[in-house]
Amino acid sequence: MFYEINTPHGLPNDPFKACVAPRPIGWISSLGIDGTPNLAPYSFFNAISGAPPMVMYASNGSHAHGPKDTVTNIEATGEFVVNVATWDLREQMNASSADLPPETDEFIHAGLTAAPSRLVKAPRVDESPINLECVHHQTIELPSDDPNTRNVMVIGRVVGVHIHDNVLVDGRIDVTLYRPLARLGYMDYAVVDKVFTMTRPT
Ligand SMILES: Cc1cc2nc3c(=O)[nH]c(=O)nc-3n(C[C@H](O)[C@H](O)[C@H](O)COP(=O)(O)O)c2cc1C
């Protein structure tokens with residue numbers, strides 16, 4: 001089949017997100033200007049550079065009560081943390097995506113521990129095996145089909161990395177020990193629990 005965007009695809013659900021799968025989940029913690037901790041998952045997320053390490057995520061749409069807190073907080077404070085969402089933390093990750101007002105602390109809502117970061121004021125998820133402390137680099141405005149909501153790509157520079165010692169084996173991160181989640185299309189997820197290795201051709 002083929003469909004042109006903005007013409008009927010004839011399927012029961014929009015297939016686009018299932019066409020770009022799996023997508024890693026950036027579970028992003030930030031701090032409101034009033035000091036309220038915030039946490040939410042974003043699967044329009046990825047690492048986009050290694051030297052220096054940089055990440056991006058995209059915020060689409062808004063809440064009934066206003067813009068999404070994560071983008072508001074990052075633009076106001078200039079800082080955030082990316083936490084790895086794991087199989088063991090799947091319910092907490094999902095709970096933190098609830099449509100909650102800015103004064104609600106999603107760490108408390110999801111039953112998670114907010115640990116202090118080292119280089120940024122935003123807290124990190126203590127239970128998550130990996131936390132990337134980030135500073136805001138740039139926000140890029142994207143086209144939005146809804147003129148009333150912003151569609152933005154937020155780029156951050158990673159300035160500090162926490163790794164739980166128990167996911168390191170011989171100095172290498174073993175993802176099978178924490179099983180990161182990935183987002184597919186619809187309401188589907190994947191979990192990474194099997195790894196294979198290929199060497200690049202010379
Ligand atoms: C697995 C998952 C991935 C998500 N990815 C995105 C995303 O990439 N962009 C987005 O705008 N919302 C995404 N959401 C929805 C947000 O998490 C949700 O709107 C949340 O309430 C935003 O919280 P905030 O206002 O504290 O930033 C996702 C939700 C889930 C469960």
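Me: Let's start with charge. How many positive and negative side chains does the protein have?
Reply: There are 14 positive and 23 negative side chains. The centres of the two sets lie 8 Å apart. Lys and Arg count as positive, Asp and Glu as negative, while His and the chain ends are not counted. The place of a charge is NZ of Lys, CZ of Arg, CG of Asp or CD of Glu.

Me: What kind of model is this?
Reply: This is a predicted model, where local features need pLDDT of at least 70, side-chain atom pairs count only at pLDDT 80 or more, and totals for chains, interfaces and linings use all residues. Residues are numbered from 1 along each chain as its sequence is written, and side-chain values use heavy atoms, with hydrogens and water left out.

Me: Now the overall build. How many helices and strands are there?
Reply: Four helices and 16 strands. Both are DSSP runs numbered from the N terminus: helices are H or I with at least four residues, strands are E with at least two.

Me: What does the radius of gyration say?
Reply: The protein has 18 Å. A compact globule of 202 residues would be near 17 Å, so the value agrees. The radius is taken over C-alpha atoms, and the globule rule is 2.2 Å times the number of residues to the power 0.38.

Me: And what does the C-alpha trace span?
Reply: About 50 × 50 × 35 Å along the principal axes.

Me: How much of the protein is buried?
Reply: Of the 202 residues, 40% count as buried. Buried means under 20% relative accessible area, exposed means over 50%, and partly exposed is in between (1.4 Å probe, protein chains only).

Me: What about the accessible surface?
Reply: It comes to about 11900 Å², and 55% of that belongs to carbon and sulfur atoms. The areas come from the Shrake-Rupley method with a 1.4 Å probe; for residues, only the protein chains shown count as cover.

Me: Strands next. Which strands does β12 pair with?
Reply: One partner is β5, residues 53-60, which runs antiparallel to β12, residues 151-163, with seven bridges between them. Another is β11, residues 130-142, also antiparallel, over 12 bridges. Two strands pair if DSSP finds at least two bridges between them.

Me: Which residues stand opposite each other there?
Reply: Tyr57 stands opposite Val154 in β12. Glu133 stands opposite Gly160 in β12.

Me: What holds paired strands together in general?
Reply: Strands of a sheet pair through backbone hydrogen bonds, either parallel or antiparallel.

Me: What is the order in the open sheet of three strands?
Reply: The order is β1-β15-β16, with antiparallel pairing. β1 and β16 (189-191) stand at the edges with a single partner strand each, so one side of each has no neighbour in the sheet.

Me: How many bridges join β1 to β15?
Reply: Two. In one place Arg23 has Arg183 in β15 as its bridge partner.

Me: Switching to prolines. Where are the cis peptide bonds?
Reply: One joins Ala21 and Pro22, with omega about 0°. Pro22 is in the loop between α1 (16-19) and β1 (23-24). Another runs from Ala51 to Pro52, with omega near 5°. Pro52 is in the loop between β4 (45-50) and β5.

Me: Which residues have a positive phi without being glycine?
Reply: Asp170 is one, with phi about 50°. Asp170 lies in the loop between β13 (168-169) and β14 (172-173). Arg179 is another, at about 55°, in the loop between β14 and β15 (181-183).

Me: Are those two buried or exposed, and why?
Reply: Asp170 counts as exposed because its relative accessibility is 77%. Arg179 is at 29%, so it counts as partly exposed.

Me: Last stop, Asn73. Where is Asn73, and what does it touch?
Reply: Asn73 is in helix α2, residues 69-77. At 8% relative accessibility, Asn73 counts as buried. Leaving out residues up to four places away in sequence, Asn73 touches Ser30, Leu31, Gly32, Asn38 and Gly78. Contact means heavy atoms within 4.5 Å.

Me: And where is Trp27?
Reply: In strand β2, residues 26-31. Trp27 counts as buried, at 0% relative accessibility. Trp27 and Ser96 are 69 residues apart in sequence and 9.0 Å apart in space, C-alpha to C-alpha.
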